[in-house]
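Subject: Structure handover

Hello,

Here is the structure for you to look through. Please open it first, then read the notes below it.

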Amino acid sequence: MIRIANIEQVRAIEAEADAKGYSYADMMDNAGRAVADRANTHLDGIESPRVTVLVGSGNNGGDGLVAGLYIAQDNAEADVRFYLLSERDDEFTQTAEAAGLFIAKAEDDGDKRVLRNMIASSDLIVDALFGIGARLPIQGEAQKILRNVNREVNARRNARPEQLSVNPAKANQIPSASPIVVLAVDCPSGVHCDTGDVDSNVIPADETITFIAVKQGMLESSASDVVGELVVADIGISQTLDAVKSVTDTLVDADTVKQKLGERQNDGHKGTFGRALVVAGSVNYIGAPALSAQAAYRSGAGLVTVAAPSPVIMALAGHLREVTWMMLAHDMGVIAESATDTIFKELDKMKSLLIGPGLGTEKTTREFLEKLLTSTGENTKKTAKRSLGFGMPVADTSTDNDEKVIELPPLVIDADGLNLLTEIEDWWTLLPENSIITPHPGEMARLCDIETSEVQANRWQLAHEKASEWDVILVLKGAHTVIASKDDFAVLPFATDALATAGTGDVLAGLITGFLAQGLSAWDASIVGGYIHGFAGKYLEQQTNSRSVIASDVLNVIGDVLSAIEA
């Protein structure tokens with residue numbers, strides 16, 4: 001489990017560890033060793049590599065000094081140089097001086113020419129200026145350092161050869177500019193580790209190696225572009241510390257997902273792996289139910305049924321050979337209120353239910369959704385012990401309520417299903433327990449009756465509050481998708497524009513629904529479905545140009561992603 005912490009929590013963990021005998025010096029040594037290990041992977045294959053370590057005045061600078069010393073120790077051919085923000089008088093600086101390593105100080109480099117020359121000649125920059133200690137905006141000497149570092153890094157990366165091939169296939173035959181890698185220690189200099197605010201002079205990292213816990217600010221959309229690849233290093237702090245155990249927010253990782261997936265039964269059959277019902281589609285949005293249904297199948301569900309208006313079914317049936325169909329009453333190609341009668345007849349066979357992709361927002365469809373939920377909703381929550389199981393209308397024999405009870409299977413509401421909810425008063429009181437909703441920021445704004453900008457500015461806090469208020473599992477999509485319930489909170493480690501295209505949300509909803517059908521809890525299905533969806537986006541980003549990715553591409557790599565996770 002990877003924890004997500006704020007600055008106060010991290011400092012409390014460090015203080016408790018130090019008080020119990022694991023000193024700050026021990027932490028610094030282990031952190032420096034971890035940074036050096038990552039640095040060495042980037043330097044592998046480079047003859048006589050040149051490394052510049054930017055050293056701040058605090059513990060982060062100490063981590064950088066230790067890392068530089070280890071790099072020099074590991075690679076006798078490496079030219080390791082240090083650039084100090086301010087004077088330091090510690091054992092690490094003394095060791096570097098004794099070893100004859102070059103040390104420059106900002107106070108002696110008024111025009112920053114020395115710094116620029118160091119950066120211009122480097123293969124790797126280790127950014128150990130601030131870590132979690134940055135106070136924005138960065139000013140004074142530190143601001144000058146950031147500006148000059150960025151100037152030289154950008155000059156290196158933007159350099160172009162004088163001659164260019166007109167044949168893209170032969171472009172690699174022309175020498176390119178020498179690469180330069182920025183490795184940030186704990187956090188890129190210029191990122192506020194609580195808010196995610198980014199200084200205008202931030203040093204964007206190719207990779208950030210962080211310790212103890214992922215800092216929550218680095219997972220905000222504002223900071224994700226400058227963090228680069230994120231690596232979490234264990235520096236030996238005990239997980240039994242009270243300060244560690246008090247950190248409950250988590251970043252989902254592949255091992256967690258693998259454990260939740262569990263093993264498949266070799267003697268299983270389609271009934272073993274559950275039946276999912278997808279209520280979706282309208283004459284204007286025919287593709288959405290197809291994407292969701294196929295995603296549910298790709299998750300491993302045994303049987304998937306699509307309930308849709310006949311024009312949608314007629315358009316899709318010849319293309320989706322594995323799906324079974326439920327024809328719903330419709331009004332000019334959109335699901336009509338009376339369609340609930342057909343749904344209720346089949347609910348006892350279903351292990352999960354998805355409502356929403358491509359429904360449209362017509363009045364009759366809203367009435368359909370409201371009727372479906374008001375036949376369950378609070379009645380289900382209050383009288384479930386008197387129900388005889390999934391979907392069977394059962395007479396309530398109590399003296400205070402003689403209504404029939406319809407129990408929905410585990411429920412996911414997405415897309416237009418969410419937009420329709422906004423038109424139903426106190427909609428959250430009608431949802432069965434552990435219902436899952438999967439809004440993107442615009443849909444979340446409509447559910448909360450606020451602006452989308454407010455959602456984006458307060459994603460974590462809003463998810464915490466609304467998941468508890470609505471008593472749902474909330475999957476708030478976006479860069480670093482947030483998953484929240486009244487008791488738990490998790491963040492996905494993915495941010496990619498490969499998923500910023502129509503239909504990918506339908507794939508996510510289908511994945512979650514498929515995992516529900518296989519018996520995962522609502523929380524676990526949301527975690528597993530969300531992780532696989534995000535992983536697929538990153539996988540495609542690496543395999544092809546992310547601009548070209550479409551939702552069906554995400555479907556097609558789900559098997560590869562599952563193999564990677566299970567391996």
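Thr361 counts as partly exposed, because its relative accessibility is 40%. The terms work like this: buried means under 20% relative accessible area, exposed means over 50%, and partly exposed lies in between, using a 1.4 Å probe and protein chains only.

Before going on, note that this is a predicted model, in which local features need pLDDT of at least 70 and side-chain atom pairs count only at pLDDT 80 or more, while totals for chains, interfaces and linings use all residues. Residues are numbered from 1 along each chain as its sequence is written, and side-chain values use heavy atoms, with hydrogens and water left out.

Back to Thr361. This residue sits in the loop between strand 16 (352-355) and helix 13 (363-374). Helices (H or I, at least four residues) and strands (E, at least two) are DSSP runs, numbered from the N terminus. Leaving aside residues up to four places away in sequence, Thr361 touches Asp416, Asn419, Leu420 and Glu423; a contact means heavy atoms within 4.5 Å. Thr361 and Asn284 are 77 residues apart in sequence, and their C-alpha atoms are 11 Å apart in space.

Ser546 is another loop residue, found between helix 20 (522-543) and helix 21 (551-556). Is Ser546 buried or exposed? Ser546 is buried, because its relative accessible area is 15%. Its contacts, again not counting residues up to four places away in sequence, are Asp497, Ala498 and Glu541.

Now the protein chain as a whole. The chain has 567 residues, and 54% of them are buried. It contains 22 helices and 23 strands. Along the principal axes, the C-alpha atoms fill a box of roughly 85 × 65 × 50 Å. Of the contacts with a separation of 6 or more, 69% are between residues 24 or more positions apart.

Regards
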